[in-house]
Amino acid sequence: MKFMKLGSRPDTFYTSEDLRCVSSEVSSDFTIEVSGSKYLLHKFPLLSKCLRLQRMCSESPESIIQLPEFPGGVEAFELCAKFCYGITITISAYNIVAARCAAEYLQMSEEVEKGNLVYKLEVFFNSCILNGWRDSIVTLQTTKAFPLWSEDLAITSRCIEAIASKVLSHPSKVSLSHSHSRRVRDDDMSSNRAAASSRGWWAEDIAELGIDLYWRTMIAIKSGGKVPTSLIGDALRVYASKWLPTLQRNRKVVKKKEDSDSDSDTDTSSKHRLLLESIISLLPAEKGAVSCSFLLKILKAANILNASTSSKMELARRVALQLEEATVSDLLIPPMSYKSEMLYDVDIVATILEQFMVQGQTSPPTSPLRGKKGMMDRRRRSRSAENIDLEFQESRRSSSASHSSKLKVAKLVDGYLQQIARDVNLPLSKFVTLAESVPEFSRLDHDDLYRAIDIYLKAHKNLNKSERKRVCRVLDCKKLSMEACMHAAQNEMLPLRVVVQVLFYEQARAAAATNNGEGKMTELPSNIKALLAAHNIDPSNPNAAAYSTTTSIAAPEDQWSVSGLKSPKSKLSGTLRSKLAEDEEVDERFMNGDGGRTPSRFKAFCAIPGRPKKMFSKFLSINRNSSDKNC
């Protein structure tokens, strides 16, 4: 870093008891008090360069001069005093702000003497400090101690402009000092700078600034319009990781800290909140400028620090724009208050999903608009028609991307549901709302959703029958894999209606897959036809029953899925008997209140065990084999 030396005489200042004196043959003739320290000095060298001291001496005959609120304190005053005596002083980026403010306070200008301290400091500041990268940053940092003086003297603004101009220029044109934090060898300097230009070589250096100065510097950089938004986003990520508190904090420790409510903790939280909201205000508006993972980390910090609702809603909107990039762990956001019994903030995720769906509602036109313009238009398309075609192609690509995003988000939501389902304090309504927030077409299969529902039922064993049916309503048994169906058919936590659907669809699939020699489908068994008829489904079209996404057998209250689950070893027939017994009381009450009539669905289901078809034989043989192995 650059420095400047002024004066040539050796240092003759010394301390005697509580006084600072100058070794001289001439006795001192007046005393100056600065910040509680007293200096015995001589009038001639000081008054010849300090207009303020001249006026104070002429206005007050007292021998002691008080200098209250002296900028920079005793260090800055002694620097100016030594300059007046011709003693050697060293000026650098670390003390130039204090020296400049002190010289301004003492009015050491050209009006008093040519080549005075103010002039020399300004020349050094403009020619050396502002031309150096590291010097500009260090000088800007020191202005925090003298905010008003630095603003009045335009030191702060000039440093910010110098830093911004260097960021906007090519790195090879920037003067990096040898004390730079990322020092490189001279022979590798150019290659390193060229490589650093694409990574935002300046981000880590300006991250040393406080949030007020950092915000102003970033505004100046963004206003230049030359830095890509992705580099702006990277710089914000570097700054946030340096200054924001660790997001993955121990819940109990944070709760104790929250309960303490000490003044120091409150001040710290306020500073972090201001820092966070300033970072949010600097986020580039363009999609993809920052990663979705970073946005969600900021959102986690916003909840921890209790940031403003507007800030959190802005983050939720930005996250929704690129939600398909998120991971399940990114969405595990701690609640706004650690007094909450829930493990995660489900409401903010629901808000993100709502924003995501709203943004995807605008659909492109299905065909381009064309006009009849005679024979010439038929042979040769006009430029406007070509533009319409291009716009249509772009809209189709956008539509395809939107559909792909919804497929990814559906998988993400199902994975998220599996994580939050373990929370015993998660209300049923919130779980169901999240599960239903995903469009039906975006779930190609329901195995992951089944796994989430299974986890939720096991973690909430006190749910009544109606509540279990409600949580199963979003499940579509037609979209379950064979493995998930096998697990669901033996899952004692599921409502009976779900098991009926699972067994029915597997039987229907088996029948549909079996073709006779004439290429026709085999007849469905009479008991399956009865079950189809009970739900207003055409028994002559099993494919529609097995694969339709618009018709559901039994209320959507019963549906499930799981990938990678092992089939239980308990006997299927025992599981079904237990489920029949579970609903027996309900059915008896139904018959007593309706003239003893048994529901058609119940009759159809009871008819199945009497004539076990291919599906049940498969289940039973699997369970027999597993039980034999256990023996």
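Tutor: In this predicted model, helices and strands are DSSP runs, a strand needing at least two residues, and they are numbered from the N terminus. By that count Ser35 falls in the loop between strand 4 (30-34) and strand 5 (37-41).

Student: Why is Ser35 called exposed?

Tutor: Exposed is the word for a relative accessible area over 50%; Ser35 has 55%, and is therefore exposed.

Student: What is the phi of Ser35?

Tutor: The phi of Ser35 is near 55°, which is a positive value in a residue other than glycine. Most residues other than glycine have a negative phi.

Student: Where does Glu69 lie, and what is its phi?

Tutor: Glu69 is placed in the loop between strand 6 (64-66) and helix 3 (73-85), and its phi, near 50°, is again positive in a residue that is not glycine.

Student: How do you know whether Gly132 is buried or exposed?

Tutor: Buried requires a value under 20%, and Gly132 has a relative accessible area of 0%, so Gly132 is buried. Gly132 sits in the loop between helix 5 (117-129) and helix 6 (133-142), and its C-alpha atom is 9.9 Å from that of Ala93, although 39 residues separate the two along the chain.

Student: What makes helix 15 and helix 16 roughly antiparallel?

Tutor: The axes of helix 15 (residues 292-304) and helix 16 (residues 309-321) come within 10 Å and cross at roughly 160°; because angles over 145 degrees count as roughly antiparallel, that is the term for this pair. The crossing of helix 15 past helix 16 is left-handed.

Student: Which residues make the contact?

Tutor: Helix 15 contributes Cys292, Leu295, Leu296, Ile298, Leu299, Ala302 and Asn303, while helix 16 contributes Lys312, Leu315, Arg318 and Val319. By class, the contact between the two helices comprises 8 nonpolar, 1 polar and 2 charged residues.

Student: What is the average pLDDT of the protein?

Tutor: The average pLDDT is 76, and 66% of the residues score at least 70. Residues 247-258 have a pLDDT below 50, and this stretch has 17 contacts in the model beyond near neighbours in sequence. Residues 515-522 also have a pLDDT below 50, with 9 contacts in the model beyond near neighbours in sequence.

Notes
Residues are numbered from 1 along each chain as its sequence is written. This is a predicted model: local features need pLDDT of at least 70, side-chain atom pairs count only at pLDDT 80 or more; totals for chains, interfaces and linings use all residues. Side-chain values use heavy atoms; hydrogens and water are left out. pLDDT is the predictor's confidence in each residue, from 0 to 100. Contact means heavy atoms within 4.5 Å. Helices (H or I, at least four residues) and strands (E, at least two) are DSSP runs, numbered from the N terminus. Buried means under 20% relative accessible area, exposed over 50%, partly exposed in between (1.4 Å probe, protein chains only). Axes are lines fitted to C-alpha atoms, for helices over the stretch in contact, and angles run from 0 to 180 degrees between N-to-C directions. Angles under 35 degrees count as roughly parallel, over 145 as roughly antiparallel, 65 to 115 as roughly perpendicular and the rest as oblique. A crossing is left-handed if the near helix is turned anticlockwise from the far one by less than a right angle, and right-handed if clockwise. Ala, Val, Leu, Ile, Met, Phe, Trp, Tyr, Cys and Pro count as nonpolar, Asp, Glu, Lys and Arg as charged, and the others, Gly among them, as polar.
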